[in-house]
Amino acid sequence: GPLYQVKRVWELEVRPIGLPTQLTSVKAFLHSLSRLQIGPWTSGSLAYIRTLQGIWVDRYRVVRTGECFVPLDQQSRIVDYLDELSSILPQSPKSVETAEVRNACCLIISFQYAFRPGQIARIGVSDVRMFETGAVHLALQATKQRDNRKRARVTRRVKREWTPIIREFDARRARGSVPIEA
């Protein structure tokens with residue numbers, strides 16, 4: 001039947017030239033045809049479509065090769081920037097724009113703990129705890145779970161040298177000088 005011709009075309013013409021994302025898209029299209037029962041495609045075709053081989057992709061290659069990590073010279077530039085900003089803010093807070101202070105807060109959380117933008121965006125005022133000792137702790141969701149019941153909350157301490165940045169942003173927020181888009 002026509003379905004068995006698909007396997008031959010797939011193996012000889014489609015798979016050899018297709019990128020992994022293209023092959024996935026074609027298979028998704030075939031799944032849609034089957035679910036909608038268009039042409040010779042029926043719900044019984046789904047199992048057959050699953051047998052079409054894609055191209056193996058090493059999803060963790062960039063981690064193994066180290067491509068995903070910030071090079072050491074750039075890491076030192078980030079640390080130098082945060083150290084410099086931390087020393088400027090207590091002396092001259094008005095010399096630094098609110099947007100830069102906010103961005104530096106995000107950079108601290110991302111750089112120090114590798115949290116993703118979505119995790120950082122969900123940090124609320126109640127998740128930031130400041131202590132008289134100068135310490136700043138953040139409560140964050142640490143897992144990639146879609147189910148809220150499975151999400152683990154963890155507390156992380158901000159590096160002491162960078163707490164002036166977080167404290168300045170909190171002070172500006174408390175004074176009402178942080179615009180809505182910041």
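Figure 1. The structure is a predicted model, in which local features need pLDDT of at least 70, side-chain atom pairs count only at pLDDT 80 or more, and totals for chains, interfaces and linings use all residues. Residues are numbered from 1 along each chain as its sequence is written, and side-chain values use heavy atoms, with hydrogens and water left out. The accessible surface comes to about 12500 Å², and carbon and sulfur atoms account for 55% of that surface. The mean positions of the 29 positive charges (Lys and Arg) and the 17 negative charges (Asp and Glu) lie 11 Å apart; His and the chain ends are not counted. Each charge is placed at NZ of Lys, CZ of Arg, CG of Asp or CD of Glu.

**Figure 2. Fold and extent of the chain.** Along the sequence the pattern is α-α-α-α-α-α-α-β-β-β-α, with helices (H or I, at least four residues) and strands (E, at least two) taken as DSSP runs numbered from the N terminus. The C-alpha atoms fill a box of roughly 80 × 35 × 25 Å along the principal axes.

Figure 3. Ser34 lies in helix α2, which covers residues 20-36. Its relative accessibility is 0%, so Ser34 counts as buried (under 20% relative accessible area, 1.4 Å probe, protein chains only). Not counting residues up to four places away in sequence, Ser34 touches Trp41, Thr42, Ser43, Ser45, Leu46 and Ile49, where contact means heavy atoms within 4.5 Å.

How values were computed. Accessible areas come from the Shrake-Rupley method with a 1.4 Å probe; for residues, only the protein chains shown count as cover. Buried means under 20% relative accessible area, exposed over 50%, partly exposed in between (1.4 Å probe, protein chains only).
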